[in-house]
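I opened a new notebook page for this structure. My plan was to look up how its parts touch one another.

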Amino acid sequence: MSIDPVTLAVIQSSLQQVCDEMDLSFSRAAFSPVIAEANDRSDGIYSADNGELIAQGALGLPVFVGTMQFSTRVLIEMIRDGKVAAPEPGDIYIVNDPYLGGTHLMDVRFALPFYHNDEVFCWLSNTGHWPDIGGSVPGGFSANATAVEQEGLRLPPVKLFKQGKFDQEIYSIICSNIRVAEQRIGDVKAQAAALLVGQERLNSLIAKHGADTLKTAIQELKERAAQQMRQRISQIPEGSYTGTAIVDSDGVVNEPLTIQVNIEKKDQELYIDFEGTSEPCAGPMNSVLATTRSSIYLAMRHIFPDVPISAGAFEPLHIKDPHGTFLYAEYPRPVSGCAAEVSQRIAEAIFAALVPALPDLVPAAPAGTSGNFALGGNDPLKGSSFVMYQLSGGGYGGTHNTDGLTNGCSTIGISKTPPIEVMEQYFPVLYLEYALREGSGGAGKQRGGFGVQYTIELRRGEATASFVMDHGRVGPQGVLGGVDGMRNSVTVIRNGEEYIPEHLSKDQGIRLTAGDQVRVGTPGGGGYGNPAERPEALIRSDLENEYYTAEQLSEAYGVKLTS
Amino acid sequence: MKQSHIIAGIDVGGTFTDLIIFDQSGKLTLGKTATTVDNQAIGVMNSLKESEVAINTIDTLVHGTTTTTNAVLERKLAKTGMITTRGFRDIIELGRRTRPQPYGMYGNFTPLIPRTLRLEVSERVDASGKILIPLDEQQVRDAVTRLIDAGCESLVIHFLHAYANTDHENRALEIAASLWPNNYITAGHSLLSEYREYERGVTASVNALVQPILHRYVDRLQSELRSGGYDKDLLVMNGNGGMVSAGLVANEAAKTVMSGPASGVMAAAYTAKRAGIDQIVTYDMGGTSTDVALILDAIPAVSSELEVEYAMPIHLPMVDVRTIGSGGGSIASVDDAGLLQVGPESAGATPGPICYGRGGTRVTISDANLALGRLNNQSVTSVESSVSIDDIQTAIKKQIADPLGISVAEAAGAVLTIANNKMAGAVRMVSLSKGYDPRDFALFAFGGAGPLHAVAIAKELSIPKVLIPARPGLTNALGCIVADVRHDFVNTINQPLDAVESASVAEVCNAQKQRGDELIASESVAIESIEYRHSADMQFIGQTHLLNVAIPSIDISTEELQQRFEEVYFNRFHVELNEIRANLVNLNTSVIGSRPEIELSQLIDPANRESRLESAQINTRKVWFNSDWHNTPVYDRQRLPLDAIISGPAVLEQMDTTIIIEPDCTARSDTDGNLLVELSQ
């Protein structure tokens, strides 16, 4: 059966709309700010045969590009092998196991079998980042776990809704194992409701076009997306490209971890391997295979943003499984840092490899860390415990024609940071400053954007601080002659004494009492191109804006300036 | 009020300045003149001159202006300084950590006020309003002097937590006022007493940046009007869909930034209500943008969370109009996957669609409409230079038909099919997907291109009827005439509902009500009655999103408020959460002075109406519907009989738009000159 080009285009945009509506419904109804405000969630449609990605919401958090096709595939295989109960209409499975096609434990996936004429036509699935999943550290970002059991509750695929009925028993097991459990019901209901919105929209799509036409269109769209990705790849000259990126440490052993990516361009396709990458690590900076693969997809989508997200677009990317490296963690390796930090280093390595080949499309390295700072304690004034998170942006890299963006969000995110006025209302903290981090953008013909500098003081009681950040050891890479951006910095001031974490960007269990302070500076972006080529007017404007001191500019650009 | 009250509405748009003068004796004057971009007042005076209505006979003149909109979008702003809490001058430069697009690690963001004009002073208040560091008044004085010396014309005072304690901002305001050479000083809390420092700071900054510009503009226009003989108060449209006296408008200039689309929605609500329709999705499609709004129970939905552009929020209550696309100028092309795409790229106003003859070479939605006979191809030659229908067909053939292997007509039809599908999806996302049943709604189509697409889009959305007003191209000017006088107030409470006394709800609402009464009394506008609308912004504890809950009476108990909130929540999300308690975030009051009823039946002159439908027919032309050409009657809308019933397919032409009645639909006209199109189910 062939399909006319108009129907094909209409179905393409309709499938996209189904996913976008699921995304919107999920975050509008969600409870946790991390989903509602930071959009740390994603929704998509997956094939019934093998879980391949059919369409994914454009408003989903970038880190989830392509991830759910791995978890859906594992679910389908486990059902086939009889390891998981077979689906029935109205069922919704819940799963968060990292080793079954997942990310870290906090990313909880729901999957709904979509039925047409008594058969599973496709799967609808979504992921939401839960604010807590149990484990040793509130929020789940342990800096020094050595096994997944320390990171939280691990759920195999089980039916949370059985033929439309909510399983209170399973839910009560979950609630007994996570913090601030009483609010989670709001997220669970929102997450399930989003899938039901998708189900309803998909039903009307089938009613309009017919199931057969839809099936044919899905297959055709997959082939078209592959064709489109090949077209884009053909802009890259034939040859081999290598990029590296450094993770500060795994949080347990204070040694840098290296990601080396080797890319070969041949016949409109890319062959990607990680030869030369560090071995599995003791701490939580391991990545599971699904996350490693989707980090590559994510990086490619940042480079070619208009290729639709579908399994077809990934087809021309041949990724060799990185066995024996920390990018292919197996049970029970701890993995809580994979989605937030390691994924961004993988993307950075890919950007570094491809910038010489695509200098107009790939920028210098962005800050590339989520800047996760968590503070947990008891507020004596309110008489209740609290867990506070501060995520931060940083500078983006310069591009072929612009300076980097200041305080951009992480490579894997699209989140807004919470207002200071909200943080101070909810938590016993006082911000002493929240400022542009002067001097942090790497010099270049187009300089990097600036990071943020903030200082938080604990006002009362006691609390425990933890950090999972990165780029403390080396700054985001400058490219084509540009200079690296400024490194991440964390300083804890206790009783007036400064303490710098041994692992620079990762630590946990730091006891604070009232009056103690934490000061964080997030990385600036890397510079792009030779600093000597930067127009003097722009250098002077940077001086006027007090972005740098005269000395810093004189040194970086070799020009004489006075403040 | 005297017998023949004359009211004039003049709305300045991107291309045209539209005028409606309504005389209660029954006379109606309409006008369309060119907008004068650099000084809109010239165009306004021209339109009055052309109307041939003596200016001194006009009793009320209501004006919609894009002066501040353009100033913001083009960044032609007054030089402005900011005084802020020490340690926080970068708040409006850092934003809230995003990037303009989900994919692509780049983006530009220029702060509204440059870094060197943002000065810090020692002071600090905490979230409960407690003063931690007293205001250093000498530092304020020094900062004010420095900003005056730097040549600033406007000033913003923006302190952390000023919504919780206004003392420091008020004191700094006093000090600044004693030194500042003019009145252009905005204190963050006075415009918006709501938490969230970035949004409040940007809102205050926008206000200060456009205040002198709006003030000068309004002054100039008022003096021109005065010398023309109009000595009454000039009224200016606000983004909340109400009007405000020219003497007050510049104080809260930020409220005018999004006023244009708001007037259109007010006119839609008014027109539809007269036609007996209360549930509306408005669809305003022009050459460069498509705007959508929801009207529920005849009241336009209001939002306090709109953004003018990326990272430029204006958090003031405004009619919730969402831009969903770039209108008739959206470009159609075949991508490298061989798939036809329409938008988001746009030809804009220049070079514009091929048919504009301004040098555009890429096929747009407007060009497809022409190629299919939906637009009169005579109108191609009437635009700026000579582009023939052949040129358009050649472009469609080359850019779309050949790559897809289909005919030119099929290709143009495909462009519309895909455009309508995408626009319908976008309309649903910003309106009906909030939990409404499309079958309860009518689509209200206006703007130059709205009535061309509305019937097809309603079909996609399962909306059963389309309402096309008498003057789709003059809707904003009509909005000026029918709008009410309106003032909105917001106060942040942000406490669990359990901790709030019922009496304090009444107290806050009462204070807001009084402030509104005082403002209305200071304006010299004829109003018939004053209406008060109270509402609460609420959320479940732990949530960040807000839902607006109407408060029917200020004596409401907090229990009833909780119950109402749960109802609204369930209707919106179909989720029941009786396990969790609610938070009361804001209390809002709108004080609305209703103006005298306006009769719309003169919008189409009844004297010109024919008695039989056939007499209103201009000719027949070939128009493409459902994959084929149909001989389609073309009618002159102005001449339709009052009770005309038209079966589709049909084309209706009028001065400012073309209406397409798709096959299998029936259109009826009513006494106000509206067309109501019923879709076949």
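The domain bounds I use below come from an automatic or database domain assignment. I also note that the model is a predicted one.

Entry: domains of chain B. I looked up the assignment and found domain 1 (6-72 + 214-256), domain 2 (76-210) and domain 3 (493-594). I then took the C-alpha centres of domain 1 of chain B and domain 3 of chain B, which lie 34 Å apart. Six residues of domain 1 of chain B are in contact with six residues of domain 3 of chain B. I sorted the domain 1 side of this contact in chain B by class and got two nonpolar, three polar and one charged residues.

Entry: chain A against chain B. I found 69 residues of chain A and 58 residues of chain B in this contact. On the side of chain A that touches chain B, at least two residues each come from several elements, among them helix H1 (5-29), helix H5 (184-209), helix H7 (289-303) and strand S14 (429-436) of chain A. H1(A) gives the largest share of that side, 14 residues. By class, I list 32 nonpolar, 23 polar and 14 charged residues for the side of chain A that touches chain B.

Entry: helix H7(A). How many of the residues of H7(A) are buried? I find that 15 of its 15 residues are buried, so H7(A) is mostly covered. I also checked its length. H7(A) has 15 residues and should span 21 Å at 1.5 Å a residue; its end C-alpha atoms are 22 Å apart, which agrees.

Notes
Residues numbered from 1 in each chain as written. Chains lettered and ligands numbered in written order. Predicted model: local features only at pLDDT ≥ 70, side-chain atom pairs only at ≥ 80, totals over all residues. Contact = placed C-beta atoms within 7 Å. Helix = DSSP H or I, 4+ residues; strand = E, 2+ residues; numbered from the N terminus. Nonpolar A, V, L, I, M, F, W, Y, C, P; charged D, E, K, R; others polar. Expected span 1.5 Å × (residues − 1). Buried ≥ 20, exposed ≤ 12 C-beta atoms within 10 Å, placed from the backbone.
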